Amino acid sequence: MWLPQGWRVVRHRHAPETLAGISVVAYGTGFLFNALLLVYGIGTHGVPVAVAAGVNIIMSSLIATVVLRSRRRS
């Protein structure tokens, strides 16, 4: 579910006005949730849960990083 948002953020990374509506706090919360979900998936040997959480961690990190860098430039 985060792949389309990640693609849009990367595409518009040089347009801070386009990224203004993205909440870094929300993506930070999502990162924390998925980190806990990853620990749960590993602990219960739930490979699908762990893989999905890992992908979401990567995407939330990418989105937050691109948005923060874009805001620093403006």
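Student: How does H1 pass H4, left-handed or right-handed?
Tutor: The crossing of H1 with H4 is left-handed. In such a crossing the near helix is turned anticlockwise from the far one by less than a right angle (clockwise would be right-handed). The model is predicted: local features need pLDDT of at least 70, side-chain atom pairs count only at 80 or more, and totals for chains, interfaces and linings use all residues. Residues are numbered from 1 along each chain as its sequence is written, and side-chain values use heavy atoms, without hydrogens and water.

Student: Which residues make up H1?
Tutor: H1 covers residues 3-11, and Leu-3 is found in it. Helices here are DSSP runs of H or I, at least four residues, numbered from the N terminus.

Student: At what angle do the H1 and H4 axes cross?
Tutor: Roughly 25°, and the two axes come within 9 Å. So H1 is roughly parallel to H4 (under 35 degrees; over 145 is roughly antiparallel). Axes are lines fitted to C-alpha atoms over the stretch in contact, with angles from 0 to 180 degrees between N-to-C directions.

Student: New topic: H3. Where is it, and what is its angle to H4?
Tutor: H3 is residues 24-43, and H4 is residues 47-73. Their axes cross at roughly 160° and come within 8 Å. That angle means H3 is roughly antiparallel to H4.

Student: Is that crossing left-handed or right-handed?
Tutor: H3 and H4 cross left-handed.

Student: How many nonpolar, polar and charged residues are in the contact of H3 with H4?
Tutor: There are 16 nonpolar residues, six polar and one charged. Nonpolar means Ala, Val, Leu, Ile, Met, Phe, Trp, Tyr, Cys and Pro; charged means Asp, Glu, Lys and Arg; the others, Gly among them, are polar.

Methods: Helices (H or I, at least four residues) and strands (E, at least two) are DSSP runs, numbered from the N terminus. Angles under 35 degrees count as roughly parallel, over 145 as roughly antiparallel, 65 to 115 as roughly perpendicular and the rest as oblique.
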